[in-house]
Amino acid sequence: MSSNYLNFRNSVPWLILLLEVLFLTRSYFLVLEHDGVYWLYSSYPDFQDVNHMVIFGFGFFLMVLRRYGFSSTGFNLLIIVLGVQCSVLVEDLLVSFSLEAKEGILKSIAKAFISMTAVIISTGAVLGKTNLVQLIVMTPVELIVFYVSRWINRRYLEIGDHLSLMHVHLFGAYFGLAVTSCFPEPSPRLDKNRSTPKSDLFSMLGCVFLWVFWPSFNSLLIQSRMKALLNTYLALAVSAVTAFLLSALTSKDGKFRMTHIHSAALAGGVTISFTAETISHPWIAMILGLLGSAITILGSHCLQRCLNPPLKIHDTSGVHFTFGLPAVLGGLAQVVLLVIREWTNSSSLGYLVLLHIGAFCQTISLALITGFITGFILNTRLLKIIPVSKYFEDQFYWEFPHLAVEF
Amino acid sequence: MSSNYLNFRNSVPWLILLLEVLFLTRSYFLVLEHDGVYWLYSSYPDFQDVNHMVIFGFGFFLMVLRRYGFSSTGFNLLIIVLGVQCSVLVEDLLVSFSLEAKEGILKSIAKAFISMTAVIISTGAVLGKTNLVQLIVMTPVELIVFYVSRWINRRYLEIGDHLSLMHVHLFGAYFGLAVTSCFPEPSPRLDKNRSTPKSDLFSMLGCVFLWVFWPSFNSLLIQSRMKALLNTYLALAVSAVTAFLLSALTSKDGKFRMTHIHSAALAGGVTISFTAETISHPWIAMILGLLGSAITILGSHCLQRCLNPPLKIHDTSGVHFTFGLPAVLGGLAQVVLLVIREWTNSSSLGYLVLLHIGAFCQTISLALITGFITGFILNTRLLKIIPVSKYFEDQFYWEFPHLAVEF
Amino acid sequence: MSSNYLNFRNSVPWLILLLEVLFLTRSYFLVLEHDGVYWLYSSYPDFQDVNHMVIFGFGFFLMVLRRYGFSSTGFNLLIIVLGVQCSVLVEDLLVSFSLEAKEGILKSIAKAFISMTAVIISTGAVLGKTNLVQLIVMTPVELIVFYVSRWINRRYLEIGDHLSLMHVHLFGAYFGLAVTSCFPEPSPRLDKNRSTPKSDLFSMLGCVFLWVFWPSFNSLLIQSRMKALLNTYLALAVSAVTAFLLSALTSKDGKFRMTHIHSAALAGGVTISFTAETISHPWIAMILGLLGSAITILGSHCLQRCLNPPLKIHDTSGVHFTFGLPAVLGGLAQVVLLVIREWTNSSSLGYLVLLHIGAFCQTISLALITGFITGFILNTRLLKIIPVSKYFEDQFYWEFPHLAVEF
């Protein structure tokens, strides 16, 4: 370990420095334009909501492991600030090559936050198993691939800008799963990848933050935000109720399980994300929230028993059922609602359905393929894989004044 | 216990399902109107503040018991999302019977949040003593009774819409007290209904949230919000100062007591709630904050020693002195200020005073009467009373991976 | 101790009462004007952000000591509410003596929050070493001196209102350092002034809050806020990245140190505070964030080894390197940027540079001189110095139901 460790020490700061120099160099050519002023003035509170939600909410939401609290919140902050700068750089390059219209740096940052959610979701799948070098390499790779995926969706499949951003949960979850499948599985007897009541409470704190700010997230870039806000709110409310309902029904003795509540309460927000803008009947939003929550809890049982063991996938914080399955359901719901709405207009219906299904499949398959490749690269000796026995340990990364490590 | 437990398992999910089906059925007849658009656009940040405050603030504020943290935050979320849907349904039915004007679903949700505060306050009084079935039954019952109380106040006593909503603290506290008086008292030697430094810190976190967002709460539905915001802010500031002052004066050795700070810091916000809109001299708001805080701390000493033991009332998180007494004081202050303001206009003065006192007494007496009835119903065998020895236990409701239960 | 203790009991409440009576008396002459209405309406969400950040963020940010959590959050709340009222009173008196223009109470409160940051920073330096009487005496003294310093800057050195407020970090840090140098040093073997993983996590929670809301803080009083928001955001992002980079480079084994992350992540916001409004090239903001973070981490190593031991300064939560050094850097950056911008206009350049350097030196020297005097006064027997062995103890101030004190 010690030689690996020295390598780790050598590489992390230089890697960060390299990225930062890159961002600084590029920002040299950037001047604050005034085109973004009006966007900012009306949207600053919502921008702040999403900023708050991503930094604070996800940071504490991922704090489920008993010995990994410092890394969960600390690395989340680092990954997000790196990723947001990286995302602004990518968008800037796309503008220079005239692949995209100029939008002003403020809107870029807002979009960067939403795109970063994909990376955060993916880190949830490999939580505690990657070292920081691997996380830092993964961040720009995933962001760029997500940009490519969005670009394909927008250019060839005529998906709108907001909708293409909402594929973020789908992309993040399947990319993360593909990456984690390349990592060696921790021993099932390992104690460190469990939660304690204390870590569960901090995670609940993060979950409630995400829950409260999710309507702002789903409607940040939409012109007419009223419907999106309301539909998201209703879907979240129903999914929180369903989470309790199904948690009691499916677990032993009818007790609630905290992880069910954490993941299923948010499922409604993920499920509704594709359609929040267009649904005009609140009951549809509520039904989607219910189904999203149901698929999350049923998925958590099925996946952990049937799918993950044979495929040797270890999904630390359950992103597959928390974000992946509800997003798949949301995609299906979008197509079904489209068919119902455009039923009379049968000429273009088939084409539209094909486009949506295409965008959907393209996102998943690109996420899976690039995820496998990334996972494979991350597992090369170059990036200093951490031994399975050192998984889920804050002490590997942080100085502790004492030896007290569990919190 | 085991047979009770199986009953509990059988009934909770079906009860939730029943309610949810009801809400879904009704929402089928609902279309998103556009009348609420303008209200939302200007008020969304404040709506978000109140949402944040109720879900997050109260969830952590109630986390005072050492072994009841999961239930405090989790059940708070469940009760609120159920209650908000229920409240929207009730308002909708009132509109169908032409008892109320149509207002748009957005404003309904905002009002629902404020109404739900009554239920949350009541759950504070029975915290840890009710099982979830009892809580879920209590929620719609209390909401409907609060609607009836508000309707009487508005219809027969000419109280405005905003003012009738502000009776929420009064109603919640006395309803909760009446309910809790029907429950058997826990043994005074019981250790579980104490707090630990850790649970106190989480509770402080919730308290600070409530403190910061209280001005938004008190002014959410007011047209000219400037005065209400400012008066609430001043009252809160003075009551926080007074909380420290009186806590040191009244407790042994001049040390501060955390529960005093928790409850008395918020007392100013409760006391000013009836009059925030109308006070034009800041010193009146400040004096009200001071008196509210004083009555809370003195009340906490008197009630716990003199009133509660003979009446056999066990008020877990002290809602009587945290919300009840300051609200009574606020009601009195409202009448006194009215008398001073309308002194010259002696013709209508008596009538106005009578109306306000009537509304006040009607709210308290309806809360007490229906609270007793509800408490009586909740204690029937049908709803599976939990034995006193199982009070204040997360383990009764939640699965724990290990046996570590104290947090 | 016991006799001291009784004195303590006797004096704290009366001191608070005295101050509160003063505030109430003055508020008697205050009427809610309407000039502030428009300011409030557009700025309420930002006012709320800063309120939230100061009360909640600093309260938890300062919770680094293992046995001082109740006092950190509780006393922070008390000091702020006292200070805000005191600050409004001072501004009011200045208006009566026609030294300042009338502005409306709402803007006064907003400015009071920003001024209070100086006091909060100073309390960070003496955290755990002062009793509450000393803190309460220090609050109005420091506030008034800061007012005097700002008044000199505005009147004689032609510094704008916003810019003079931004000297708050500089003033707070050096005032706190001068005060703490008068207190006896705790024994280096003392265990109580260390952090635990748990207190570090709560402190991280506060740090993330401060990080998220810092752009609102830096731009609260600025007319054209777009640039200030964006520059602050970029500086914060870069400083968070640099914090990780340098923490790994400078600490043993390349591990991260939590205190580095806490302080250096915020350094960018402090450094940029003087110039956020005027920088038009984002790369300058980013470089400033990088330098601010670097000076914080290097400073934390140098100061703790070289400067503090010979000078016998014990700076509990490291305000010198967290707020002092980045603010000095920010001041220098302001002058350098001014020189570059006004290079062509050589006639007034020298004069402008002199004014800025003068304001800068005046603030530091006034802070140091009055800080020493205040520290000297606080250490007289009259104010009941607490013995070194009782430093950093919640139990000295708070009632605990049990003897469990570490959290």
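Predicted model: local features only at pLDDT ≥ 70, side-chain atom pairs only at ≥ 80, totals over all residues.
A polar contact here is a pair of N or O atoms within 3.5 Å, where within protein one atom must be able to donate a hydrogen and the other to accept it.

**Stop 1: chains A and B.** Select both chains and count the residue pairs in polar contact between them, both partners at pLDDT 80 or more: there are six. On the chain B side, helix H1 (2–27), helix H2 (37–61), helix H3 (69–96), helix H4 (105–125) and helix H8 (197–218) each supply at least two residues that touch chain A. Colouring that side of chain B by residue class gives 43 nonpolar, 11 polar and five charged residues. If the selection is widened to both partners, the contact takes 59 residues from chain B and 56 residues from chain A, and the two chains bury about 5100 Å² between them, with 78% of it on carbon and sulfur atoms.

**Stop 2: the salt bridge of this pair.** Chains B and A have one salt bridge between them, and to find it, show the side chains of Arg257(A) and Glu399(B), whose closest N and O atoms are 2.6 Å apart.

**Stop 3: the axis.** Now bring in chain C, which can be laid on chain A with an RMSD of 0.0 Å by a turn of 120° and a shift of 0.0 Å along the axis; this is the relation of a three-fold axis. To locate the axis from within chain C, select Pro45(C), whose C-alpha is the nearest to it in that chain, at 4.0 Å. The copies use different surfaces, since 9% of the contact residues of chain C recur in chain A.

**Stop 4: chains C and A.** Here 56 residues of chain C are in contact with 59 residues of chain A, and the buried area is about 5100 Å², of which carbon and sulfur atoms give 78%. On the chain C side, highlight Leu201(C), Met226(C) and Phe256(C), which lose the most area to chain A and together make up 14% of what that side buries.

**Stop 5: polar pairs and helices of chain C.** Glu399(A) forms a salt bridge with Arg257(C), with 2.6 Å between the closest N and O atoms, and six residue pairs are in polar contact between chain C and chain A, both at pLDDT 80 or more. Finish on H9(C), which gives the largest share of the side of chain C that touches chain A, 16 residues; by class, that side has 34 nonpolar, nine polar and 13 charged residues.

Technical notes
Residues numbered from 1 in each chain as written. Chains lettered and ligands numbered in written order. Heavy atoms only, no water. Contact = heavy atoms within 4.5 Å. Buried area = accessible area lost by both parts, 1.4 Å probe. Salt bridge = Lys/Arg side-chain N within 4 Å of Asp/Glu carboxyl O. Polar contact = N/O pair within 3.5 Å; in protein donor to acceptor, adjacent residues only side chain to side chain. Helix = DSSP H or I, 4+ residues; strand = E, 2+ residues; numbered from the N terminus. Nonpolar A, V, L, I, M, F, W, Y, C, P; charged D, E, K, R; others polar. Least-squares fit on C-alpha atoms with pLDDT ≥ 70 in both.
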